[in-house]
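User: I have a structure open and would like to go through it step by step. Can you help me read it?

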Amino acid sequence: MPQPGLILAKIIKPLHSLFIFKKRIRVLGKHISRLIPANIRLRGLDVGCGGGELAAELQSKRDNINMDGVEVLLRKEVQINITTFDGKILPFGNKTYDFVLLIDVLHHANNPIILLQECVRVGCRFIIIKDHICDSQWDRMCLSFRDWVGNRAANVCLPNNFLSSEMWETIY
């Protein structure tokens with residue numbers, strides 16, 4: 001019987017990359033690039049950027065942005081400049097970046113509010129957040145499974161801190 005780690009590394013991760021991850025990056029890049037102003041030069045920070053694939057996709061679509069990334073686990077292959085951090089305190093000064101991306105990241109944080117406050121501190125124009133809403137046990141089960149499939153092979157922390165609609169309203 002194959003080991004669970006072997007199944008993740010040899011079967012699930014390659015299938016996820018082939019059928020889900022690359023398309024996800026293209027679609028997110030398309031939609032997020034529309035939210036970023038085109039008439040000024042902007043410096044952005046992608047928090048929890050993985051290997052920087054989304055930030056690189058955004059830079060390929062928009063010549064007016066320059067992206068850096070920050071990640072808890074530095075990958076072997078990266079596509080942008082990435083700084084490691086502890087998952088709580090961003091290692092940058094106040095208002096260092098014009099904008100900050102939080103794309104499917106807050107549910108990985110042990111304390112999403114603290115991480116969001118840090119993004120507000122280092123950003124000076126806007127923050128783009130894309131995450132999940134978890135209003136039922138069914139939502140939690142589906143989201144946890146999808147998160148495991150997409151992240152476990154990379155040893156990403158999976159605390160499953162998915163927020164409800166009410167919690168998102170409170171944070172805003």
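**Strands, helices and salt bridges**

Analyst: Strand S1 (residues 42–47) and strand S2 (residues 65–71) run parallel and are joined by six bridges. Two strands count as paired if DSSP finds at least two bridges between them. Before going on: this is a predicted model, where local features need pLDDT of at least 70, side-chain atom pairs count only at pLDDT 80 or more, and totals for chains, interfaces and linings use all residues. Residues are numbered from 1 along each chain as its sequence is written, and side-chain values use heavy atoms, with hydrogens and water left out.

User: Which residue in S2 stands opposite valine 47?

Analyst: Valine 70 does.

User: What is the strand order in the open sheet?

Analyst: The order is S3-S2-S1-S4-S5, five strands with parallel pairing. At the edges are strand S3 (81–84) and strand S5 (123–130), each pairing on one side only. From one strand to the next, the twist averages 25°. In general, strands of a sheet pair through backbone hydrogen bonds, either parallel or antiparallel.

User: How many helices and strands does the protein chain have?

Analyst: The protein chain has five helices and five strands. Both are DSSP runs numbered from the N terminus: helices are H or I with at least four residues, strands are E with at least two. Along the sequence the pattern is α-β-α-β-β-β-α-β-α-α.

User: Which strands does helix H2 lie across?

Analyst: Helix H2 (residues 53–61) lies across S1, S2 and strand S4 (97–103), and runs at about 180° to S2. Axes here are lines fitted to C-alpha atoms, for helices over the stretch in contact, and angles run from 0 to 180 degrees between N-to-C directions. Contact means heavy atoms within 4.5 Å.

User: And what about helix H3?

Analyst: Helix H3 (residues 112–122) lies across S1, S4 and S5, at about 145° to S5.

User: Changing topic. How many salt bridges are there?

Analyst: The structure holds seven. A salt bridge is a side-chain nitrogen of Lys or Arg within 4 Å of a carboxyl oxygen of Asp or Glu. One of them joins arginine 75 to glutamate 71, with the closest N and O atoms 3.7 Å apart.

User: Are arginine 75 and glutamate 71 buried or exposed?

Analyst: Arginine 75 is partly exposed, at 25% relative accessible area, and glutamate 71 is buried, at 10%. Buried means under 20% relative accessible area, exposed over 50%, and partly exposed in between, with a 1.4 Å probe and protein chains only.

User: Which residue does arginine 125 form a salt bridge with?

Analyst: Its partner is aspartate 98, and the closest N and O atoms are 3.4 Å apart. This pair links distant parts of the chain, with arginine 125 in strand S5 and aspartate 98 in strand S4, 27 residues apart. Arginine 125 is exposed at 53% relative accessible area, while aspartate 98 counts as buried at 16%.

User: What does lysine 130 meet in a salt bridge?

Analyst: The side chain of lysine 130 meets that of aspartate 104, at 2.8 Å from N to O. Aspartate 104 is in the loop between S4 and H3 and lysine 130 is in strand S5, so the pair ties together parts that are 26 residues apart in sequence. Arg24, Asp104 and Lys130 are linked in a network of salt bridges.

User: How about the phi of aspartate 104?

Analyst: Aspartate 104 has a positive phi of about 55°, although it is not a glycine. Most residues other than glycine have a negative phi. Asparagine 160 also has a positive phi of about 55° without being a glycine; asparagine 160 is in the loop between H4 and helix H5 (165–171) and is partly exposed at 23% relative accessible area.

User: Which residues does serine 144 touch?

Analyst: Serine 144 touches Asn160 and Phe162, not counting residues up to four places away in sequence. Serine 144 is in helix H4 and counts as buried at 19% relative accessibility.

User: Which other residues of H4 are buried?

Analyst: Besides Ser144, the buried residues of H4 are Leu143, Asp147, Val149 and Asn151.

User: Last one: what share of the whole protein chain counts as buried?

Analyst: Of its 172 residues, 41% count as buried.
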